[in-house]
Amino acid sequence: MSPPAESQRFGIEIRGLRKAYGDTRALDGLSLSAESGEVLGIAGPNGAGKSTLIKILAGEEVADDGQILVGGEPWSPSFAAHRVAVVHQEPALFPNLSVAENLLVGREGTHVLRPRLRREDRALMDELGIGSSARRPLSLCTLAVQQRTEIARALARDARIFLFDEPNSALTQEESGELFRELHRLADAGRIVMLVSHRLSDLVAHTARVAIIRDGRETALLEGVRLTQEAIAHELVVEAEHAERAVDDARAVRPSERESDGSRAILRVSGWTHRDGRFSDIAVTVRSGEIVALVGVEGSGGRELLRSFAGLERTQGTIEVDGAAGDRPVRRRTAYVSATRELSLFTNLAVGQNIIVRLGPEIAYGSVVLRPRQIARLARDAAGRFLVKCRSIAQAIRSLSGGNQQKVAIASAMAKRPRLLVLEEPTRGVDIQSKAEIYRLLGGFAETGNAVVMFCTEVTEVFDAADRVHVVSDGRLSEPLVVADYDRIEALAREISKLERHGQTLAA
Amino acid sequence: MATDLTPSGGAAATVPKSSRLALAGRATLELGLRLGGLFVAILVVGAIFSYLQPAFLTVDVLVSVLRAMASVAIMALGLTLVIVVGEIDLSFAATYGIAANSLAVMWILHGVDIYFAILIALAIGAAVGVFNGLLVTMLRIPSFIVTLGTYNLLYGFSLYVSNSSTFNPAYPPTGHEVPKSELSFFTGLTKQVGSHQLSLEIFWMLGLALVVGFLLHRSLFGFRLIAIGGNPAAATLARLPVRRYKILAFVLCGVLAAAAGMLDFSFIQTVQPDIGLSSTFPVFAAVIIGGASLAGGRGTVVGTLGGALLLATLTTGLALLAVGPFAQQMFLGIVTICAVALDLFATKLQTRTA
């Protein structure tokens, strides 16, 4: 790869960056700095502002306030020089074009003729090991090749600042090894490299410093001997004072305080195997009154395992929900809520209509004629019970805050009176107050003879809401950790990350 | 921030009682605002025509406007269902044609009992809907492509069954006979009654509009149809019967198109293979002018009727002014674009003030 023009060292400095979406402050005075030649790690819980930072640096969003300096000069994403290249988890390229064409888009250098590949471009592709796939449509390439294409594209535009956003979450062990070698070569050639990752082991192994971002600010900078997985885990889970108090209320009614032994099995699977091999031979039982969390890094199979309980993945093996087996009975007894609200809410319907959208005979005579009074009553009751803050149930769903939208999504799933609630990241992008309320509602739901299984990416969520947690790594389920055994969240976090690592070493 | 987690306290505080019937009330209000513009437009257009051509404002002309909109409106009702669920049907005009042509062939050439032939023609419409629906939901072929294919396929069938000839039950080809009683029953379906020659086809249109209006706005089917059209992926995850309802929407569209074809045949009394094909775009225009969104999840029966009425007013008025066919076409284009542009503008205004 071509070395940078001169050996001048430069750095990027971010000062007091602010960005708000409505009432939510995504970035609240974030300051960061990175020098050329180093790899800076960035870690933070969901909703901490990482993706907003990436969007601002990539020029997709404009900050409300703050400064970005590159080499001491004020910088903006629209400057051609010192362009920031983002290597995404899911590459943002043109899937309908070939690898080589992707390299050329935007710098064709011609207005009439079909653009042609220059010799430097070819050399660049060969250097990155994607020369042999040059003519292949990107959509047919592996994720690793797609990411390399993204890197090549950035290098061809002489980008100096590289931002890797969870780059290896869906790569094989070998591919991610390759990727990290590439990352270090970029840094060694004098470029600024930033790595955003959830994987603590990668952060420790591949970065010199790790900045922890929480609530839109840098809350800690770990380097040297202080840079350990335990330290990162600790920084990630320490919550602000007020947050702890709100969640303490939720913990007061934690289902773990109820006796759960001897109660009915709500979910029982055995020999549970994914058709495409994302997980295999899983056996687990969830009893009434229990809230069970699944944890696993992206690609571990945890998310797929959760979705499979709702019948959304192709699987083999036996599943029983509340003693019933078979497709229809299982479906009738489970309800699923997706992690993204685009997949759980209907924006063309009002708040109340969203709450009752899954109902049938309950809201229509003979399942035909709608009963408007009954609909309004059910919706209003549920909105009250779920503490949905709205002026009226006839309000547009988009006018609610994220937390209240999520309450509506969960209320809608519970309206169907399932025995098993299957939740994917139930409080993603939800404010702390709503989080506590949602955990309370889940506890209340489990208490009345039901069960909840949820996939979590945050240890705080496990600690605050779950009775036990299974770590999924490489399609296998760990022995459960009983949350009540841990007084402090750091201890639980350490144990979970140990189990995650254990799975990874097994795979290697 | 105050922490009030008691469910009962929250219930009273968060959702006021006044919203008990607000769901229906607000929907009606919003509908009124959106449709208000449409009906104001119809009145304005009518007023302009009355000013330019005083003959326009007579009962006879108004009756002919209603007659002119009838079959377009009936097809548009079916299309509204398909568009609300987020799909497209380009084949309804050909379904209209195949229904009318096969009815003529069965009845006039093969002596099939008229009542039975009508049922078969309706069944053909339903079968077309099932065919479209299955290809769209099971094979996941985009409905635009499926129904474009069906359109051509059905037109070919119409040419084939009719042997490219024109039929008139009052003058059957030599060697064939149509019983008098059946003929009077069939023409009686759209008989003109009263001193103003009010065709029964207008009442068919109103009756079918009531049925479709009930289905779309007062039944569980319609509620789910709107939900599915608004977010098909979420509807699947919420376990709504997405495929079944999409197929049903296509079936209703096919049946309504077949009904429109037969009613027009009854009124005009002649049928030829390409009958109805030119109504594709006016019907689409009626639905879109009526406020349905091609993205799905939005559309009303009243709006669609209003769209069809506006188009019929324009067509009849321009014909009375004798401006020539080119002006009619141009007005159709201008009105369609303006209606959608106005609707988008109104929606933007609404979200900004909200």
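**Helices, sheets and core of the predicted model**

Helix α14 of chain A, which spans residues 432-447, contains 16 residues and extends 23 Å from its first C-alpha to its last, close to the 22 Å expected at 1.5 Å a residue. In this predicted model, 14 of the 16 residues of α14(A) are buried, so the helix is largely enclosed by the rest of the structure. The helix is followed by G449(A), a residue whose phi is positive and lies near 90 degrees.

Chain A as a whole comprises 16 helices and 22 strands, and 50% of its 508 residues count as buried. The mean pLDDT of the chain is 83, with 89% of its residues reaching 70 or more. Over residues 1-7 of chain A, however, the pLDDT is below 50, and this stretch has ten contacts in the model beyond near neighbours in sequence. Residues 255-261 of chain A likewise stay under 50 in pLDDT, and for them the model has 15 contacts beyond four places in sequence. Where pLDDT is low, the predicted coordinates should not be read in detail.

An open sheet in chain A is formed by three strands in the order β12-β11-β14, with antiparallel pairing. Strands β12 (282-287) and β14 (315-321) of chain A stand at the edges, and each has a single partner strand, so one side of each is left without a neighbour in the sheet. From one strand to the next, the twist averages 5 degrees. Strand β11 of chain A, residues 265-274, pairs with β12(A) in the antiparallel sense over five bridges, and V269(A) stands opposite V284(A) in β12(A). Helix α9 of chain A, residues 302-309, packs on this sheet and touches β11, β12 and β14 of chain A, its direction making about 125 degrees with that of β11(A).

A further set of antiparallel pairings involves β4 of chain A. Strand β1 (residues 11-21) of chain A is joined to strand β4 (residues 65-70) of chain A by five bridges, the two running antiparallel, and I12(A) stands opposite V70(A) in β4(A). Strand β4(A) is also joined, by two bridges and again in the antiparallel sense, to strand β5 (residues 73-74) of chain A, where E73(A) is the bridge partner of V70(A). Together β4(A) and β5(A) form a hairpin with two residues between them, and G71(A) in the turn has a positive phi of about 60 degrees.

The largest nonpolar core contains 249 residues, of which F162(A), V453(A), A73(B), M75(B) and L256(B) touch the most other members. The largest share of this core, 17 residues, is contributed by helix α11 (residues 242-268) of chain B. When neighbours within four places in sequence are left aside, M75(B) is in contact with F92(B), Y96(B), L256(B), A257(B), A260(B), S279(B) and V283(B).

Residue D126(A), by contrast, is exposed, with 12 other C-beta atoms within 10 Å. This residue is found in helix α3 of chain A, which covers residues 119-127. Between D126(A) and R331(A) there are 205 residues of separation in sequence and 51 Å in space, C-alpha to C-alpha.

Methods: Residues numbered from 1 in each chain as written. Chains lettered and ligands numbered in written order. Predicted model: local features only at pLDDT ≥ 70, side-chain atom pairs only at ≥ 80, totals over all residues. Helix = DSSP H or I, 4+ residues; strand = E, 2+ residues; numbered from the N terminus. Buried ≥ 20, exposed ≤ 12 C-beta atoms within 10 Å, placed from the backbone. Core = buried A, V, L, I, M, F, W, Y, C linked by C-beta atoms within 7 Å. Contact = placed C-beta atoms within 7 Å. pLDDT = per-residue confidence, 0-100. Pairing = 2+ DSSP bridges. Axes fitted to C-alpha atoms, helices over the stretch in contact; angles between N-to-C directions. Expected span 1.5 Å × (residues − 1).
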